[in-house]
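Please read the following briefing alongside the sequence and the three-dimensional view. It moves from the overall fold to individual elements and residues.

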Amino acid sequence: MTDAFVAAYRGQASTNLRLASVAASTDSDHNAFQLLSNEFDNMQKLSNKVLAARKDMNYISGDALKDDPLNQQVLNCARSLAAMASSGQFQDDGSCH
């Protein structure tokens, strides 16, 4: 994983986050946008953490992220956002904070 690799995905995600912000019209939309924004921030922290380890030439095993609290938070939030999107109803379970 390189900075350029991450930057491409980060740029696309940032653009889509701005589009979601513009499209938000209801209170539920704005609340959901805040959760998306939190998830984006946590993904950025996680990718920065992995990139820093790579830069320092630290070995990262395939299982390293399995027990990482930030990674678990990102995964739980992603599941919550997916459930919210499929139901069409805003529901904050706290995993995206």
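Of the contacts in the protein with a separation of 6 or more, 59% are made by residues 24 or more positions apart. The structure is a predicted model. Its secondary structure consists of three helices and zero strands.

**Overall fold**
- Read from the N terminus, the order of the elements is α-α-α.
- The C-alpha trace extends over about 45 × 25 × 20 Å along its principal axes.
- The protein has 97 residues, of which 26% are buried.

**Helix 3 and its ends**
- Helix 3 covers residues 69-87, a total of 19 residues.
- At the start of helix 3, Asp68 places a side-chain oxygen within 3.0 Å of the backbone nitrogen of Leu70.
- After helix 3 comes Gly88, which has a positive phi near 75°.

**The buried residues of helix 3**
- Which residues of helix 3 are buried? They are Leu70, Asn71, Val74, Cys77, Ser80, Leu81 and Met84.
- An α-helix has 3.6 residues a turn, so residues three or four places apart point the same way.
- Helix 2 (27-55) is included in what covers the buried residues of helix 3.

**How helix 2 and helix 3 pack**
- The axes of helix 2 and helix 3 are 10 Å apart, and the two helices meet at an angle of about 150°.
- An angle over 145 degrees counts as roughly antiparallel, and helix 2 and helix 3 are therefore roughly antiparallel to each other.
- Their crossing is left-handed.
- On the side of helix 2, the contact is made by Ala32, Leu35, Leu36, Glu39, Asn42, Met43, Lys45 and Leu46.
- On the side of helix 3, the contact is made by Leu70, Asn71, Gln73, Val74, Cys77, Ala78, Leu81 and Met84.

**Asn38 in helix 2**
- Asn38 is a residue of helix 2.
- Is Asn38 buried or exposed? Buried means under 20% relative accessible area; Asn38 has a relative accessibility of 16% and therefore counts as buried.
- Leaving aside residues up to four places away in sequence, Asn38 touches Cys96 and His97.

Technical notes:
Residues are numbered from 1 along each chain as its sequence is written. This is a predicted model: local features need pLDDT of at least 70, side-chain atom pairs count only at pLDDT 80 or more; totals for chains, interfaces and linings use all residues. Side-chain values use heavy atoms; hydrogens and water are left out. Helices (H or I, at least four residues) and strands (E, at least two) are DSSP runs, numbered from the N terminus. The expected span of a helix is 1.5 Å times one less than its number of residues. Buried means under 20% relative accessible area, exposed over 50%, partly exposed in between (1.4 Å probe, protein chains only). Contact means heavy atoms within 4.5 Å. A polar contact is a pair of N or O atoms within 3.5 Å; within protein, one must be able to donate a hydrogen and the other to accept it, and residues adjacent in sequence count only if both atoms are side-chain atoms. Axes are lines fitted to C-alpha atoms, for helices over the stretch in contact, and angles run from 0 to 180 degrees between N-to-C directions. Angles under 35 degrees count as roughly parallel, over 145 as roughly antiparallel, 65 to 115 as roughly perpendicular and the rest as oblique. A crossing is left-handed if the near helix is turned anticlockwise from the far one by less than a right angle, and right-handed if clockwise.
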